[in-house]
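Student: I would like to go through this structure feature by feature. Please give the general idea each time, then the case at hand.

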Amino acid sequence: MKLYNIKQHNEQVTLTTALLQGLGKNRGLFFPIRLPKFSEDEINNLLSMNFIERSANILSEYIGAELSKNIILDCVKNAFNIPLPLVRINNRISILELFHGPTLAFKDFGCRLLAQFLNKIYNTRNNNKPMVILTATSGDTGAAVAHAFFNLSNIYVVILYPKHKISTFQEKLFCTLGKNIYTISVDGDFDACQNLIKQAFSDDLLQKRLALNSANSINIGRILAQICYYFEGVSQVSSELRKKLVISVPSGNFGNLTAGLLAQSCGLPVKKFVVATNINNTVPRFLRYGYWDPHPSVSTFSNAMDVSCPNNWPRIEELFRRDNRSITELEYDYVEDHITKNTIQFIADLGYLSEPHTAIAYKVLSDKLNANEFGMCIGTAHPVKFKKLIESFFCNKIKIILPLSLQKYVKLPTLSYDIPKCFFSLRNLILKIISES
Ligand SMILES: *Cc1c(COP(=O)(O)O)cnc(C)c1O
C-alpha cells in the first residue's frame with residue numbers, strides 16, 4: 001500500500017512507514033494513493049461474511065501485497081474479538097454499539113489493530129532500537145492505547161497524564177497493567193503533558209536511542225481499522241433498509257467520520273452521513289458559512305469531542321476531492337450541553353441508556369432524518385464511563401453498574417511514576433525504564 005502526504009504530494013511512503021512515522025513532512029497527513037472500489041456483487045458478498053473474515057478482506061484490498069492476507073487475518077482476529085451489536089431504539093433509529101472492548105470506547109478497535117500491525121511489522125524488521133509508544137492522555141485514549149499494546153513483545157508504552165486531573169477509575173484502568181506499560185503522572189495539566197511529549201519527539205538523544213511513535217488518531221492504521229465496523233453495522237441492517245440508510249457520527253478529531261466516508265467511497269451503501277459535534281463546532285460552522293474559523297475549545301459533557309481544530313479534517317476534504325464529490329453532501333449540526341442532557345433523558349424514556357457523545361449523534365440524526373430514511377448512530381462510549389454525570393441527570397434515581405470485566409482494576413495497586421513538569425526528568429525516566437527492562 002502506497003500513501004502520499006496531503007501537504008506535499010511528492011512525499012510517498014509505504015504503509016509500514018506511515019504506521020511507524022504517523023505524520024509526513026510539514027506535519028502532513030498520509031492518504032492512500034489508490035482508493036479501492038468494490039462492485040455491487042463484491043459488496044453483497046462482503047456483507048454476507050462474518051466480521052473477522054470480512055474485515056481481513058477489506059483491509060487486504062487496501063493494503064495489497066505489503067502484508068500477506070494471513071498476517072492481516074491474524075491481526076484482525078487478535079484485534080477485533082469484540083462484540084458490536086446494532087441495537088434498535090425505535091422504528092427509525094438504531095445504535096451501533098462500539099463500546100464493548102476492554103476500555104469501553106470505540107477507540108479500542110483502532111488502537112488494537114494498530115498495535116497488532118506494529119507488532120508484526122516491527123518484529124519482521126531488522127531494527128535494533130526499542131519501539132516506544134509515547135503518548136499523553138487526558139483520560140481515555142491512554143487506556144485504549146495501554147490495553148491495545150499490553151503484553152506485546154518488543155514494544156514499550158509510556159503514557160503521561162496530569163496528576164489528580166483524571167478520575168480514579170480512569171487511572172486504575174490503565175495504570176495498573178504493568179509489564180510493557182509504563183504510566184507517568186505529571187505535576188501539571190494536560191497541556192503540560194502534551195508539551196513534554198512534543199519535546200521528547202524533537203529530542204536528539206531520545207530519537208537516537210529509541211524508535212518513538214505516538215499511535216495517535218492521525219495514524220492511518222487506526223483509520224483503516226475503523227472502516228471495518230461501518231461494514232459490520234450495515235451488514236446488520238436488512239437489505240431493504242440499506243438503500244435508505246443515514247449514519248450519524250459524533251465527531252471530535254473526525255477520524256471516525258473519515259473512516260465512514262472511506263467505507264462509503266469503496267462502495268458501502270450509505271445514503272448520507274451526518275456530522276454531529278458539541279459546541280466545539282468548527283466543522284458545522286465551516287459547512288454552513290464556508291470559512292474555517294476555530295474558536296478556543298470549550299469543555300462540555302462530551303469531553304472526547306472538545307476539539308476545535310479537528311486534525312483529520314484535511315483527509316475528508318482530500319477524499320471528496322479525489323472522488324469528485326462535494327462536502328455539501330454532508331448533513332451537520334451541533335448540540336449544546338443542556339440539549340445533550342435532555343436527549344439522554346428522552347432516549348432513556350425509550351428504554352435505552354445513552355451517554356453524551358452517542359446522544360449528540362442521536363439528536364442531530366433525529367432532527368435531520370427524512371420520513372423515508374433509516375438512521376444509524378455510532379455509539380462511541382459505554383454510559384458507565386460517565387456514570388456520575390448521567391446518574392445526576394436522573395437525580396441519582398438510577399445506578400449504572402461497572403461491567404464485571406472491569407471491576408478487578410479498581411482493586412489493583414496504581415503503578416505510576418511521578419515526575420514534575422520537567423523534560424529532563426521525563427527523559428531520564430524513559431531511558432532508565434528502557435535500559436532496565
Ligand atoms: C474520540 C471520541 C469521539 C470522537 O471521535 P473522532 O474520531 O475524534 O471524531 C467521540 N466519542 C467518544 C466517546 C470518543 O472517545
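Student: Is Cys 193 buried or exposed?

Tutor: Buried means under 20% relative accessible area, exposed over 50%, and partly exposed in between (1.4 Å probe, protein chains only). Cys 193 has a relative accessible area of 0%, so Cys 193 is buried. Cys 193 sits in helix H8 (residues 190–201); helices (H or I, at least four residues) and strands (E, at least two) are DSSP runs, numbered from the N terminus.

Tutor: Before going on, note that this is a predicted model, in which local features need pLDDT of at least 70 and side-chain atom pairs count only at pLDDT 80 or more, while totals for chains, interfaces and linings use all residues. Residues are numbered from 1 along each chain as its sequence is written, and side-chain values use heavy atoms, with hydrogens and water left out.

Student: Which residues is Cys 193 in contact with, leaving aside its neighbours within four places in sequence?

Tutor: Contact means heavy atoms within 4.5 Å. With those neighbours left aside, Cys 193 is in contact with Ala 136, Leu 160, Tyr 161, Pro 162 and Val 186. For scale, the C-alpha atoms of Cys 193 and Thr 277 are 25 Å apart in space, at 84 residues apart in sequence.

Student: How is a whole helix read in this way, and which residues of helix H7 are buried?

Tutor: An α-helix has 3.6 residues a turn, so residues three or four places apart point the same way. In helix H7 (residues 168–175), the buried residues are Gln 170, Lys 172, Leu 173, Phe 174 and Cys 175. Their cover includes helix H6 (140–149), strand S7 (155–162), strand S8 (181–187) and helix H18 (404–411).

Student: Which side chain does Arg 285 join in a polar contact?

Tutor: A polar contact is a pair of N or O atoms within 3.5 Å; within protein, one must be able to donate a hydrogen and the other to accept it, and residues adjacent in sequence count only if both atoms are side-chain atoms. The side chains of Arg 285 and His 295 are joined by a polar contact of 3.2 Å. Arg 285 belongs to helix H13 (residues 282–289) and is buried, with a relative accessible area of 14%. Leaving aside neighbours within four places in sequence, the residues in contact with Arg 285 are Gly 290, Tyr 291, Asp 293, Pro 294 and His 295.

Student: How many residues surround the ligand?

Tutor: A residue is near a molecule if one of its heavy atoms lies within 4 Å of it. Here 14 residues surround the ligand, and the closest are Lys 107, Gly 252, Asn 253, Phe 254 and Thr 380. A polar side-chain atom of Lys 107 is 2.5 Å from a ligand oxygen atom. Backbone atoms also take part: an N or O atom of Asn 253 lies 2.8 Å from an oxygen atom of the ligand, and a polar one of Gly 255 is 3.2 Å from an oxygen atom of the ligand. The ligand taken alone exposes 380 Å², of which the protein buries 95%; accessible areas come from the Shrake-Rupley method with a 1.4 Å probe.

Student: Where is Asn 26, and what is its phi?

Tutor: Asn 26 lies in the loop between helix H1 (15–21) and strand S3 (30–32). Asn 26 is not a glycine, yet has a positive phi of about 65 degrees. At 55% relative accessibility, Asn 26 counts as exposed.
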